[in-house]
Amino acid sequence: MSRHATARGPVNLHASLLAAALTGCLLGACSKSPTNTVSGPQGSGVDLASVPPSEYALPTATEAARFLNQASFGATDAEITKLKTYGYSAWLEDQFFMPGGSHEAYINAVNASLPAGQSLSDDHVMNTFWRQAATGQDQLRQRMAFALSQIFVISLQDANVADFRRGVAAYLDMLGRDSFGGYRKLLDDVTLNPMMGLYLSHLRNQKEDPLKNRIPDQNYAREVMQLFSIGLLELNPDGTPKLVAGQPVETYDSNDIVGLSRVFTGFSWAGPDKTGTRFNGGGTQDPNREVLPMQGYPQFHSVSEKRFLNAVIPAGGTPDPDLRIALDEIASHPNVGPFIGQQLIQRFVTSNPTPGYVARVAQAFDSGRFTSGSWSAGAGQRGDFRATIAAVLLDHEARTAVRLGDPNFGKVREPILRAAHWMRAFSARSASGNFLLGATDDPTTSLGQSAMRSPTVFNFYRPGYVPPNTPIASAGLVAPEMQIVLETSVVGYARFMLGAVPSGVGSGSPRDIQPDYTAERALADNADALIARVDLLLTAGMMSADTRNLIRTAVNSVTIPATGQTAQTTARQNRVNLAVLFTLSSSDYLVQK
């Protein structure tokens, strides 16, 4: 850390705050683009007043803000008011039916407007992600899609995927469409998506051929079990490992991988025929192949018997029926509910849920139904994501104040969520309408994280990551997001927000994405009133006395002149900048409770 401690004053100050916050946080922590052409219809059509209430009373402003910081990309005045007026169940019902924009439609519009000689870049995918995260009305769907993208990972950093930006945007749309559907449908859509086929190499995967010493690629067979469905160990319904003679039991072995790999043969690009030329990507390809599900090519599909888990597919099968049997077998495994449920809890609420919390979410997943008070969610089919996410967000551990004082409760906010939250809290708007913020991978000057650009199939961080040689490890806890917290990333985030808070973010001069601090400037003469507003929007009323005192001292150090309108406005804006920046740098903010 010493190499960065000599950075100029403000960076050093906020880096120090960040470092202190994160080390102990859980314990104790160039084209002409379209404007508003793909935003989608407005409103869900749900009569909020008629939605039956949940078991919880109408939330206060701080309770509403805390819920929104879990369920969306960040609280706003309008959403806080909606929650206070109608309650949790109405907000969820509204979100379940809320239409949203299309990432693919945005990319298509951009592509059509590019000058001759220019092509799509990763930045265009980043632009549509930030646009939806910051301004999309379907916030729960967008958050769910982002969470699923960190479980069912593909990445633009992969050389096989990198040239298919439209396909990646369509993949993110697919996750959004399936966010409130069923797990079995999602598993089918992910498996047949050509971007996943490229990423995990089952597109153009061929049957075994002993004469050529060729066996089917096993990559997807391994990862669909390890990462997308059942995990490595047999689980109890509460997510704890099953033990036999005191030892955990593996869910599958190498023979299961071999058997399942034969299922994922004979799939490749969609098109009007099933010739070997099309299978191998040659000839005249369908112009929409990167957004269409892969199709089966029987001549390249293994006809051998396929044994895996508890299934046996007889010899002589064809691609689609074999795939249906295999995915049915995987999706019906009792591990899926606790395995997926626990990760959703981690992405939305807390890194270390109790076994009881996991069990209740898994029960909602398995039954396809969740009830709170007079309100129910889900269609009664196993794997219903409406029931599952409602169980995650309305569990008493998530909603009541009982665990707020528990140092083991909560999660580190990952950088993407911090930046999107800042945009939403302060009504950031894009001068171009396109949110021209590109890749933010650089940990030294930026966020150290970009959507859809994970370095590996294991996401930016593993759900079971334990920071070594820390009190977190000694306590037997996990802190997934801490895997991307490094000395460089701490300083990089501080530098990024040091520039963002007063000057906005994105390309152009002035920068394309600008916050609106009008409401905050109106309170700037009164430090406590200003801090209270920032506390509500960013830390949901949970700012500590120490942080409040630190920010108050900083704000009051800026004197507002008695005369001179320009000087007064500048001083008030500087007060706002300090309050926002210090809050974004505090442990009260960096650890979401």
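The chat below starts with the model as a whole and then turns to single residues.

Me: What kind of model is this, and how are residues numbered?
Reply: It is a predicted model, in which local features need pLDDT of at least 70 and side-chain atom pairs count only at pLDDT 80 or more, while totals for chains, interfaces and linings use all residues. Residues are numbered from 1 along each chain as its sequence is written, and side-chain values use heavy atoms, with hydrogens and water left out.

Me: What is the mean pLDDT of the chain?
Reply: The mean pLDDT is 93, and 93% of the residues reach 70 or more. The term pLDDT stands for the predictor's confidence in each residue, from 0 to 100.

Me: Where does pLDDT stay under 50?
Reply: Over residues 1–37. For that stretch the model has 91 contacts beyond four places in sequence, a contact being heavy atoms within 4.5 Å. Where pLDDT is low, the predicted coordinates should not be read in detail.

Me: OK, overall build. How many helices and strands?
Reply: The chain has 26 helices and twelve strands. Both are DSSP runs numbered from the N terminus: helices are H or I with at least four residues, strands are E with at least two.

Me: Which radius of gyration does the chain have, and what would a compact globule have?
Reply: The chain has 25 Å, which agrees with the value near 25 Å for a compact globule of 593 residues. The radius is taken over C-alpha atoms, and the globule rule is 2.2 Å times the number of residues to the power 0.38. Along the principal axes, the C-alpha atoms fill a box of roughly 85 × 65 × 55 Å.

Me: What share of the residues is buried?
Reply: Buried residues make up 56% of the 593. Buried means under 20% relative accessible area, exposed means over 50%, and partly exposed is in between, with a 1.4 Å probe and protein chains only.

Me: And how much area does the chain expose?
Reply: About 22,500 Å², of which carbon and sulfur atoms supply 53%. Accessible areas come from the Shrake-Rupley method with a 1.4 Å probe, and for residues only the protein chains shown count as cover.

Me: Switching to helices. Why is helix 2 called largely enclosed?
Reply: Helix 2 covers residues 61–71, and eight of its eleven residues are buried, so the rest of the structure largely encloses it. Among the buried ones are Arg66, Phe67 and Asn69.

Me: Where is His103, and is it buried or exposed?
Reply: His103 sits in helix 5, residues 103–113. His103 is buried, at 2% relative accessible area. Not counting residues up to four places away in sequence, its contacts include Phe129, Gln142 and Asp173.

Me: What about Leu323?
Reply: Leu323 belongs to helix 14, residues 319–331, and is buried with a relative accessible area of 3%. Val263 is 60 residues away along the chain, yet the two C-alpha atoms are separated by 6.0 Å. Val263 is also one of the contacts of Leu323, along with others including Asp188 and Phe267.

Me: Now loops. Where is Gly504?
Reply: Gly504 is in the loop between helix 21 (487–503) and strand 11 (513–514). Its relative accessible area is 0%, so Gly504 counts as buried. Beyond four places in sequence, Gly504 touches residues including Trp422, Arg511 and Pro515. Val466 is 38 residues apart from Gly504 in sequence and 34 Å apart in space, C-alpha to C-alpha.

Me: Which peptide bond is cis there?
Reply: The one from Ser509 to Pro510, with omega near 0°. Pro510 lies in the loop between helix 21 and strand 11.

Me: Next loop. What is phi of Arg204?
Reply: Phi of Arg204 is near 70°, a positive value in a residue other than glycine. Arg204 lies in the loop between helix 10 (194–199) and helix 11 (219–226), and at 35% relative accessibility it counts as partly exposed.

Me: And Asn213?
Reply: Asn213 has a positive phi of about 55°, although it is not a glycine. Asn213 is found in the loop between helix 10 and helix 11, and counts as exposed at 72% relative accessibility.

Me: Last one. Where is Gly246?
Reply: Gly246 is in the loop between strand 1 (243–244) and strand 2 (247–248). At 52% relative accessibility, Gly246 counts as exposed.
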